[in-house]
Amino acid sequence: MAVDFSLYLITDRTCLPAGRTLVKAVEAALAGGVRAVQLREKDLSAAQLYPLACALRDLTARYGARLLINDRLDLALAVQADGVHLGEHSLPPAVARKVLGPRYLIGVSTHTQHQIRSAHESGADFVTFGPVFETPSKARFGPPQGVEALRRACLSSPLPVFGLGGIEHHNLPQVLSAGVQGVALIRAVLAASDPAMAADSLLKAINTPE
């Protein structure tokens, strides 16, 4: 399956404004042009995630978008998602590929060039690299990597690279200049007053860089 998207939306219901549900926020983002969503609510059990995954599968199918599930291969299979996203404590990509088969996308979170090479050798389809800038969701990974580290990662990577971490409209040009396939983000869309407008604006900037 092709990595044919440039804006990779990662869910985090804790950043939503009061009164907005995650399903409604994702639907608005899809209406704004998002074509890849990662369901990443790590504090929820499988029983809690399943109905949410079903709802997002219905939405993404309606909009012709990809749905990836963070870490949970069982849920990805159960809802017929398009792929999974793996972290440093997940199963190796090669094992995930054996379970899921060739039609599923496998993304991997990376923080070093060595991890990118390992992801490629293990059969991943793409990687996220970061954090590029400071962001609450990646604070435990230490100081931000910066744009130059992202540029080096893109130059050496055999896989499509998505910049991740603190990416907003104002710093998007710096990230795009590093040679990324696209960007992965949360707050710039989900915490926006209008997620559809935020997604549309970001996609226009990605597709028509300065």
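This is a predicted model: local features need pLDDT of at least 70, side-chain atom pairs count only at pLDDT 80 or more; totals for chains, interfaces and linings use all residues.
How many residues apart are Arg151 and Glu148 in helix 6, and how does that spacing relate to a helical turn? They are 3 residues apart in helix 6, which covers residues 147-156, so about one helical turn separates them. I will come back to that pair after a word on the model.

A search of the whole structure finds 10 salt bridges. I will go through some of them.

The side chains of Arg151 and Glu148 meet in a salt bridge, at 3.3 Å from N to O. Arg151 is partly exposed, with a relative accessible area of 25%. Glu148 also counts as partly exposed, at 44%. As a general point, side chains of opposite charge can pair when their charged atoms come close.

Arg66 and Asp4 form a salt bridge through their side chains, with an N to O distance of 3.1 Å. Arg66 sits in strand 3, residues 66-70, while Asp4 lies in the segment before strand 1, and the two are 62 residues apart. Which of these two is buried, and which is exposed? Arg66 is buried, because its relative accessible area is 17% and the cut-off for buried is under 20%. Asp4 is exposed, at 54%, since exposed means over 50%.

Glu27 counts as partly exposed at 22% relative accessibility. Arg62 is exposed, with a relative accessible area of 58%.

There is also a network. Arg13, Glu41 and Asp43 are linked in it by salt bridges.

Last, the serine. Where is Ser6 found? Ser6 is in the segment before strand 1, and strand 1 runs over 7-10. Asp4, from the pair with Arg66, is in the segment before strand 1 as well. Ser6 is buried, with a relative accessible area of 15%. Leaving out residues up to four places away in sequence, Ser6 touches Phe162, Gln181, Gly182, Val183, Leu203, Ile206 and Asn207.

So, within that segment, Asp4 is exposed, whereas Ser6 is buried. That is what I have for today.

Terms used: Residues are numbered from 1 along each chain as its sequence is written. Side-chain values use heavy atoms; hydrogens and water are left out. Helices (H or I, at least four residues) and strands (E, at least two) are DSSP runs, numbered from the N terminus. Buried means under 20% relative accessible area, exposed over 50%, partly exposed in between (1.4 Å probe, protein chains only). Contact means heavy atoms within 4.5 Å. A salt bridge is a side-chain nitrogen of Lys or Arg within 4 Å of a carboxyl oxygen of Asp or Glu.
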